[in-house]
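Hi everyone, thanks for coming.

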Amino acid sequence: MIGIVVSRADSASVHIGEHLLELADWDERTDGDRPDADGGGTVFFRDGFELREFDDLHIDLDDPAAAFDADLDLLVVVSRHSGETGALLTAHFTGNFGPADYGGEPGRFARACPNAQRAVVEALRDRAPDGYEVGIEATHHGPTEPTVPSMFVELGSDDEQWDDPEGARAVAAAVLDIEGVAPDADRQLVGFGGGHYAPRFERVLRETDWRVGHIAADWQLKAMGAPEKNRDVLRRAFEASAADLALVDGDRSDLAAALEAEGFRVVSETWVRETSGVPLDRVAALEAAVTTIEEGLRFGARIDVDDYEVVSLPDGLLGEAQGIDLDAALDAVHETTVAFHTTEGGTRAVGRAAVAGDGYDELVSRLCDVLREKYDSVVRDDGAVTAATRAFDPAVAREFGVPEGPAFGKLSAGQSVEVDGETVAPEDVSKDRLVEFTV
């Protein structure tokens, strides 16, 4: 059940409320036990939703959830967004990492709903009128005391948009689209650093399966003060986000130390992206067995296989194959392993890998196929791969009396030359070269 808060002190909120009532069939009843100004009076109901109107600006409401009759899973406050950002539809959570200049309590946070926020942002993208951007904001302003998970969903950023019926209708439709969506998922993190409109964390929402709870932008971290002295504030942000992982934008060693001292893991955006879609228990096991994602662990196409062993990759053979066709060699490693170690930002495979079944043999076979692009023959036998190619041999050419210089170049390029009236063909001065790789 989702409770919707409309503020009569906010023209955009009123317009969004009007479109909410137009877009769906609602039942009405009168709540005479509560003043009309405080969410009483006429109340609107439909499957999955209860809508109430308040006189006060929403940031000044301590716990609007208390006004609702339904047992709420989620509270959505429809609101205006103010800023110099042009036409914008946005969503964010409420709270204060520092002082409470705009409602709520200092160092306190409303319970976030990261999964519902992700859903409403996706719905806003689907519904946004032409000319509107869609995004998220860092945590800011009150209220901080709602007793259920909550978020603001906003229409911005100035009078033109606040009075725009298309914008208001898009927000209203997006809120209705999240009927039945749970507030939380099993992959949630807290964000730190960056600008107020949180582009890194918006990318995480858009491009991975992770959800983002409270976000402390640069200005809020500055307002909070030294992380070590505000570990209680940091802890409350994680509790209010139902998360234990932190994604930090920028180099903030003091913040990372304080978070880790509180038992929270600081991860990179690479870690977040690489773990998308991978069971977290599998991530932990493979990081322990092979290496960490930060140190180059990447997951293969056989990530779902349970029974695997960790082996050394055939680095000599693999290195030669990567030198011939890097993409084909990497594809071979990815498609035959559970996980593998990489270097150079994940662009080259090397070291150890987790393999299952015939994965190792298949990998060697595919790497041999890559070598055949360069070598005349490639044979695997007795724990080794032998690659052979016939190539121009300068020593043999000298025996034929071929002078060094242009003639060497022609023979090396596969062209015959004349020496003292005799034709010397490339095959006359070529020799087999063998390279052996241990597997």
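Let's begin with a question: where is the place of Glu344? Glu344 sits in the loop between β15 (339–343) and β16 (348–355). Before I go on, please keep in mind that this is a predicted model.

Ala242 has a positive phi of about 50°, and it is not a glycine either. You'll find Ala242 in the loop between α7 (231–239) and β11 (245–248). With a relative accessible area of 40%, Ala242 is partly exposed. As a reminder of why I flag such things, most residues other than glycine have a negative phi, and most peptide bonds are trans.

Gly142 and Pro143 are joined by a cis peptide bond, with omega about 5°. Pro143 belongs to the loop between β7 and β8. A cis bond also links Gly156 and Ser157, and here omega is about 25°. Ser157 is found in strand β8.

While we are in that loop between β7 and β8, please look at Thr139, which lies there too. Is Thr139 buried or exposed? At a relative accessible area of 1%, Thr139 is buried. The side chain of Thr139 makes a polar contact of 2.9 Å with the side chain of His214. Setting aside neighbours within four places in sequence, the residues in contact with Thr139 include Phe93, Phe97, Phe109 and Ile215, along with Thr94, Gly95 and Gln220.

Now for the helices, and I'd like to take α2 as our way in. Helix α2 covers residues 114–127. It has 14 residues and reaches 20 Å from its first C-alpha to its last, close to the 20 Å expected at 1.5 Å a residue. How many of the residues of α2 are buried? The count is 10 of the 14, so α2 is largely enclosed by the rest of the structure. Among the buried ones are Pro114, Asn115, Gln117, Arg118, Val120, Val121 and Leu124.

Who does α2 meet? The axes of α2 and helix α5 (residues 199–207) come within 10 Å and cross at roughly 85°. An angle from 65 to 115 degrees counts as roughly perpendicular, and therefore α2 is roughly perpendicular to α5. On the α2 side, the contact is made by Gln117, Arg118 and Arg125, and on the α5 side by Glu202, Val204, Leu205 and Arg206. Sorted by class, that contact has two nonpolar, one polar and four charged residues.

Let me stay with one of those charged residues, Glu202, which lies in α5. Why does Glu202 count as buried? Its relative accessibility is 12%, and buried means under 20%. The side chain of Glu202 makes a polar contact of 2.8 Å with the side chain of Arg206. Not counting residues up to four places away in sequence, Glu202 touches Arg125, Gly135 and Ile136.

Gly131 is exposed, with a relative accessible area of 64%. Gly131 and Ala257 are 126 residues apart in sequence, and their C-alpha atoms lie 42 Å apart in space.

My last stop is helix α4, residues 165–177. Its 13 residues reach 18 Å from first C-alpha to last, close to the 18 Å expected at 1.5 Å a residue. At the start of α4, a side-chain oxygen of Asp164 comes to within 3.1 Å of the backbone nitrogen of Glu166. Buried residues in α4 include Gly167, Ala168, Val171, Ala172, Val175 and Leu176.

Glu18 and Ala172 are 154 residues apart in sequence, and 8.6 Å separates their C-alpha atoms. Glu18 lies in helix α1 (residues 11–23), and with a relative accessible area of 40% Glu18 is partly exposed.

That's my tour, and I'm happy to go back to any of these places on the screen.

Key
Residues numbered from 1 in each chain as written. Predicted model: local features only at pLDDT ≥ 70, side-chain atom pairs only at ≥ 80, totals over all residues. Heavy atoms only, no water. Helix = DSSP H or I, 4+ residues; strand = E, 2+ residues; numbered from the N terminus. Expected span 1.5 Å × (residues − 1). Buried < 20%, exposed > 50% of the residue type's maximum accessible area, 1.4 Å probe, protein only. Polar contact = N/O pair within 3.5 Å; in protein donor to acceptor, adjacent residues only side chain to side chain. Axes fitted to C-alpha atoms, helices over the stretch in contact; angles between N-to-C directions. Parallel < 35°, antiparallel > 145°, perpendicular 65-115°, else oblique. Contact = heavy atoms within 4.5 Å. Nonpolar A, V, L, I, M, F, W, Y, C, P; charged D, E, K, R; others polar.
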